Amino acid sequence: AGALSFVFNHLLTQLQFKLVAGAGYPASGVNVTSLVIKQQKTPATLDLNTSSLTYTTKDLTLSGTFPILTAGSTINNYPMVKSGEALTVAVTTSDGGTYPESTISVTTEVGKSHLITLTFTPKEITSSISVTAWQTGGTGSSTLQ
């Protein structure tokens, strides 16, 4: 009985959101209270023998008090979704502002984390994308007898 090793691969795409107050928007004091990622495919089941995922489609809602700052602030909840899908968000702010569905132009990739910067202006939200590395987690081991 030799030593066993486990290899884990990311099968999904991680989304990170950064909120920035753009020109003419209050530098602080306004928060995002709801960010809805429209119609995303999220894992329903994983077949461990084949590493295949089946998905369910639903809106993903990030609710809380997420500040919109000139320097930017990051929402520390990173949803994971199927890669290659269209990405549309709708946002509500604490001052009663609603930003209807905005399409984010990005091609998501398996195993990659995408930082989506949402820049708020008095009239609209603009977005930009960058790919960030996932951090390596700790290692694990087990002795099986």
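1. In which sense do S1 and strand S8 pair, and over how many bridges? The sense is parallel, and eight bridges connect S1 with S8 (residues 113-120). Within this pairing, Leu-15 stands opposite His-114 of S8. Note that the model is predicted.

2. Leu-19 stands opposite Ser-73 in S4.

3. S1 itself spans residues 13-21 and is mostly covered. Eight of its nine residues are buried.

4. Now the charged pairs. The count of salt bridges is five. One of them joins Glu-101 to Lys-38, with the closest N and O atoms 3.9 Å apart. This pair links distant parts of the chain: Glu-101 sits in strand S7 (residues 98-104), Lys-38 in strand S2 (residues 31-47), and 63 residues separate them. Glu-101 is exposed, at 53% relative accessible area. Lys-38 is partly exposed, at 22%. A network of salt bridges links Lys-38, Asp-59 and Glu-101.

5. Glu-85 lies in the loop between S5 and strand S6 (87-93) and Lys-41 in strand S2, so the contact ties together parts 44 residues apart in sequence. Lys-41 is partly exposed, with a relative accessible area of 27%.

6. Glu-85 also forms a salt bridge with Lys-82, N to O 3.9 Å. Lys-82 is partly exposed, with a relative accessible area of 26%.

Methods. Residues numbered from 1 in each chain as written. Predicted model: local features only at pLDDT ≥ 70, side-chain atom pairs only at ≥ 80, totals over all residues. Heavy atoms only, no water. Buried < 20%, exposed > 50% of the residue type's maximum accessible area, 1.4 Å probe, protein only. Helix = DSSP H or I, 4+ residues; strand = E, 2+ residues; numbered from the N terminus. Pairing = 2+ DSSP bridges. Salt bridge = Lys/Arg side-chain N within 4 Å of Asp/Glu carboxyl O.
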